[in-house]
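Dear colleague,

Please find the structure below, together with its sequence.

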Amino acid sequence: MKHILFALAPLFILFLALRPVTFSKDTSKVTGKITDETGKLLASVSVTEKGVPGGTFSLLDGSYQINVTDPNATLVFSAVGFQQVEIPVSGRSEINVQMPLLKADSVAQVNKYFGYELRKAREYETMVGQAMAPVPSARSTYNGSYGRTTSGGYYSSPAFGSGNGIDDEATGNFNTESYDNITENRFLKAKDNPLSTFSIDVDAASYSNMRRFLNMGQLPPAGAIRIEELINYFHYEYPQPTGEDPFSINTEISDCPWNKDNKLVLIGLQGKKVPVENLPASNLVFLIDVSGSMDEPNKLPLVKASMKMLTDQLRGKDKVAIVVYSGHTAVELQSTKGNEKSKIKDAIDGLEAEGFTAGGAGLKMAYNIAKQNFVKGGNNRVILCTDGDFNVGPSSDDEMIRLIEEEKKSGVFLTVLGFGMGNYKDSKIQKLADKGNGNHAYIDQLSEARKVLVNEFGGTLFTIAKDVKLQVEFNPAKVQGYRLIGYENRLLNKEDFNNDKKDAGELGSGHTVTALYEIIPAGVKSDLLEKVDPLKYQSNEVPLSKSSRSDEIMTVKFRYKAPDAEVSKLLEVPVMDRHISIAKTSDNFRFAASVAEFGMMLRNSEFISAASFSNILALAQGARGNDEEGYRSEFIRLVQNTEPLMKENDKGNAGKVVKNDE
């Protein structure tokens, strides 16, 4: 019984929709360890200051750290299966806590409320009962699967072995997370490469996944940091479109915050906000992974809670079916009207995790159900909830991509929601969403499910423009060199821009998309541009046209299709060289720049120049704006917590030589 109670502890944090809190300058830090009555370390215990919104939770080694606004405050410690504990701070900086177990009748009530069964209590107890190892390094050699680093770390993979001193045989190598390697965009000469072409990306999975790592006191692997997704996690106050096109186009130019010699250009798209009542009818299929790998507190139980949230948003004209897959596939609920919420939720409640993972068969069945109930002119979509760990039937990246590319021709879109840790296959999930005319979010907590499925309901599920591409032509008379920040896996060939057969990203109702270019102005001496030998058979100097003598620094071209169209429409916007000081830029510009700078530091970018945490915080704090949901405040807190984490990590790596494990 105690094992089960202990394993229930992390579930409580999933049901806390805590809003981040900004502390005053007079805050003080309290740290400590949390154990049960036997002295066993407890993870995921909620720690809050009584009467103050926000808070934190304990890490895998039972440690916690919280800033309190009053030295006489009271700390509240809460976890499912344990009695709530309240302790006055009384000016102390260290408070260790022992959590008493709940009585049996109270535990039964908790289990009944959450409808939760835990089958892997002993395995989870083994995992969280170990002391946390030294923090892994984002700078260490990385081969696409996060494992041993030069400083060690909690996460491991079969390719590397345990990096935290835990015996592989004892743990069963419970971490096999995988991330694609990212080759950072470099500076290109505008004369030699005047065109920059890429697909938009509205995904924000990288941000919530990064937050998960940082909240656990660890630096994320470099492959997990997609800077464009960090930037696009946030909403920006661009004007709504006024014409017939479904989005407005916005640009801004100022100094580059991390390199005084360069400029930074912002390109922002604002999708048309369609009121929920005016959105077309939805034909949805919830495709839920119920394999054994989903039997963890932050997987299937969180999936259930998330899908119930989405069910609450459905209207009578909407309909939803539920398909599940493990070692086999099954239809748990035939297509049902959205106002039959009890019937839908009962089907969700009945799901249990067991068996292998036949993801390919599940996708085929889900698409078939969606096609059988296809709504012409409506929103036809499969919503896949998974950790991405496919292991039966078609499972390779190539097989899954071919399946998705074939199925999307039917007009059915795909949304992929990623869950869990330890075996999370970010690399596979990214490919599925990209190729399936879809989007990708990582749900690390219930509040993120609320953001994606409630607050951003229209943007997540309703496409207003598909295959949206951007092509920027730089004026060599104004621009010596440029670099697109992020979007490495969204780059297109220049010929792809006019090719309507080439797939690109989708824009949802009310979505914003932001891209940043770092520019080296003409005439500026820079070491960032790499030299190339003179050409032998062609002229090395191409004469500039008369247009280069204008005030235009670049021209931005857009192509997009209506959701049901196959022919794209072209838009073209010239951008004038209207430079303003960064202090006079919009909150949009300064906040996006701060997030980009933070992402570059996490990736240890070779282009960070004079980037610093103090600069990131100054930009972000001055551009918080109307932060109703607290997302920007949360970002500021993450930055503040990451600085000492990086310093400690650098100290642990001092004098060590990074070797390639491959």
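The second largest pocket of this predicted model is lined by 50 residues. Those that lie nearest its centre are Asn437, Lys466, Asp467, Asp503 and Ala504. By residue class, the lining of the second largest pocket divides into 22 charged, 15 polar and 13 nonpolar residues. The volume of this pocket is about 1,300 Å³.

Two packed helices are described by the angle between their axes and the distance between the axes. Here the pair is helix H7 (residues 300–313) and helix H12 (residues 446–455), whose axes come within 10 Å and cross at roughly 30°. Angles under 35 degrees count as roughly parallel, and H7 and H12 are therefore roughly parallel to each other. The crossing in which H7 passes H12 is right-handed.

Which residues of H7 meet H12? On the H7 side they are Leu302, Ala305, Ser306, Met307, Met309, Leu310 and Gln313. Their partners in H12 are Leu446, Ala449, Arg450, Leu453 and Val454. The residues of this contact between H7 and H12 divide into 9 nonpolar, 2 polar and 1 charged.

With kind regards

Note on methods. Residues are numbered from 1 along each chain as its sequence is written. This is a predicted model: local features need pLDDT of at least 70, side-chain atom pairs count only at pLDDT 80 or more; totals for chains, interfaces and linings use all residues. Side-chain values use heavy atoms; hydrogens and water are left out. Axes are lines fitted to C-alpha atoms, for helices over the stretch in contact, and angles run from 0 to 180 degrees between N-to-C directions. Helices (H or I, at least four residues) and strands (E, at least two) are DSSP runs, numbered from the N terminus. Angles under 35 degrees count as roughly parallel, over 145 as roughly antiparallel, 65 to 115 as roughly perpendicular and the rest as oblique. A crossing is left-handed if the near helix is turned anticlockwise from the far one by less than a right angle, and right-handed if clockwise. Contact means heavy atoms within 4.5 Å. Ala, Val, Leu, Ile, Met, Phe, Trp, Tyr, Cys and Pro count as nonpolar, Asp, Glu, Lys and Arg as charged, and the others, Gly among them, as polar. On a 1 Å grid over the protein atoms alone, a cavity is a set of points where a 1.4 Å probe fits but cannot get out, and a pocket is an open set with protein on both sides within 12 Å along at least five of seven lines; lining residues have an atom within 4 Å of a point. Grid points are joined across faces, edges and corners, and a volume is the space filled by probe spheres set on the points.
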